[in-house]
Each structure stands twice: as structure tokens, then as C-alpha cells.
Amino acid sequence: MDEIAILDARLEPVARGARLERLCSGAVWGEGPVWISEDDSVLWSDIPNNRMLRWSARDGMTVWREAAEFTNGHVRDLNGDLLHCSHGLRAIVRTRLSAKGLDASRRDEIVVDRHEGRRLNSPNDVVVRSDGTIWFTDPPYGILSDREGHKSPSEQDANHVFCFDPKTGHLHAASALVEEPNGLAFSPDESVLYVSDTSAALRADGGGNHRIVAFDVNGVSLSNFRVVADVSPGLPDGFRVDRHGWLYISSADSVQVLLPDGTCLGRIAVPEKVGNLTFGGKLRNQLYIAASTSLYRITLDTEGVQRP
């Protein structure tokens, strides 16, 4: 396990025999991988190139969609639709699942793009709770320049973690306590929402945050804000949670595996800066890692809790 630094013996049975594979390369900056169980593939975004890529063992890497409006994070909805965080549209958008699967040429639908009449900043990452509510982060990264969106002034009074309830159509500002919210994921029982704060990303003075925080979930509201861990080197961009409740978190040189109390169990070394990751495969035991130019995979003896 040359690629895995075991810092706590509890990680040993999960990582035993695991090897990191580079599946493909060719992106500028990859983000938001999502497992597509219908055809055993991974979709992810190459944000600066404004496109979405696809990888499968059968087809290798292909371009799934051009002119993707700078999508970032993705997740499957309860009905199998694909939800995208669109920097370009400043919205959560939906690709409908049809009998033929997810069609890249099918026109997307806007799920939500405004809060109290004002445009969102640039939704970054998204998760769906088992009650159907859609939770997402809204930092300013996609409106700061034209590299990952369209440069525009912010219309929001803060960078919120939002909860959208499709049943009522109401978008609820769940918290403004995270300076620049980025990735997010629920604990296995959905009682805790973890959020990464990456406000250090654009700070030239070395300040800002590079940490994981947690909230208790109360309906569409969040409470009991606390810091789980500071993550270094680099920033904790995207992350996912396994059936143990462990957090698999991106950083500049590895995927770090943390307990809910912030204890680091170990690090999976990755030769490029890690953006986002997701569990996939038929057993949901394969960790797919979008890291800078490439897509990687490592098979672990665990199971991701997010939907396929």
C-alpha cells in the first residue's frame, strides 16, 4: 500500500491491498464526478474547458457535453435525474433520466436560480436528502472571472448553504456561517451536514479558512456549527462519506480519511491536486477521484452512502 499512509490501525482493513489507478487524463481542472449506474460510467466536469467528460471501462474517456455552462458538482436525484451546479447559469439545473438514460443533448431544466428574487452566486456542490430536499453551496467562485463562469457582481448578501424543497418550491437559506462554502455531504443517518470552507483559496495574504465544519440538521435548518478539522496541504474542496461515517476529503496531495471528530486515519496519495471525488461501482466501493487533469480510481473495503 505504497500510496496509502496508515495513521490509525482502523483504516488498515478498509485499505488493505488497495492500489490507485489513473484511468484517463486530458482535463484542465476536473470537478464533480458522479457515478452513472445505468451504464457503469463516471461523468465529471472540466470547468475551464466548459465541458463534461465521461469515462467507462468500455469506451475510455469521451466528451459527454460541450458548452456545459461551467458545471461543477453533480448528484443523482431520488428519481435518477442528474442535478448539476451550473456556474454559468448561476443555478441548480436538471437533466431528466429517460428510458434511454441520461441524454447529453436533452435540454436541461432550471431547478432554482434565485433567492428572494436575487440571482444566486455560483452553486458549487449539491447533495439530496432522503426526504427529497436539495442542499447546495453558493460561493462566488464562478462569478469572480470568466475562467469558470461569467464575471458578474454578487446579488446575495452572503455565501449561503441553501436547502431547496421541491414540494413547496421554497429556497431556504440554511446558514451563512461558512465564509466560502464549497463541498458538502451528509452523515449516514443524515443528522449531520458537513461543509468545507475554502475561503483561503483566493487569499494572497495566507489567511482564510481551509477546513471542514459540521451542523446538526433540523428539517430545512442547520444548527450547532462546529469545526471538525483544518485540512492541509491545500484545501478540502469536495468530499464524500462512507458507511462507517468516515469522511474522504480532497487536499493538495491526497485524499485524507477523517473520523467525524476530525481524527485523521490516513492519506491516499494522489499525484495531482484533488478536486472532488465520489463512490461508485456496482458495490459502491470504488472511489473515483477527479484530480486536476486526470480521473483516478481506488477500490476500498467500504461502501459510499451517497446515491449512485
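How many residues stand between β28 and β29 in their hairpin, and which turn residue has a positive phi? Two residues separate the strands, and S292 in the turn has a positive phi of about 55°.

## Model and conventions

This is a predicted model: local features need pLDDT of at least 70, side-chain atom pairs count only at pLDDT 80 or more, and totals for chains, interfaces and linings use all residues. Residues are numbered from 1 along each chain as its sequence is written, and side-chain values use heavy atoms, with hydrogens and water left out.

## Overall fold

The protein chain has 29 strands and one helix. Both are DSSP runs numbered from the N terminus: helices are H or I with at least four residues, strands are E with at least two. The C-alpha trace spans about 50 × 45 × 40 Å along its principal axes.

Of the 308 residues, 59% count as buried. Buried means under 20% relative accessible area, exposed over 50%, and partly exposed in between, with a 1.4 Å probe and protein chains only.

## Strand β28

Strand β28 covers residues 286–291. Six of its six residues are buried, so the strand is largely enclosed by the rest of the structure. In a regular strand the side chains alternate between the two faces of the sheet. Here one side carries Q286, Y288 and A290, the other L287, I289 and A291, and all are buried.

Two strands pair if DSSP finds at least two bridges between them. Q286 is the bridge partner of G280, and Q286 also stands opposite T299 in β29.

S292 lies in the loop between β28 and β29. S292 is buried, with a relative accessible area of 13%.

E190 is another residue other than glycine with a positive phi, near 65°. E190 lies in the loop between β19 (181–186) and β20 (192–197). At 13% relative accessibility, E190 counts as buried.

A cis peptide bond joins S232 and P233, with omega about 0°. P233 is found in the loop between β22 (221–230) and β23 (239–241).
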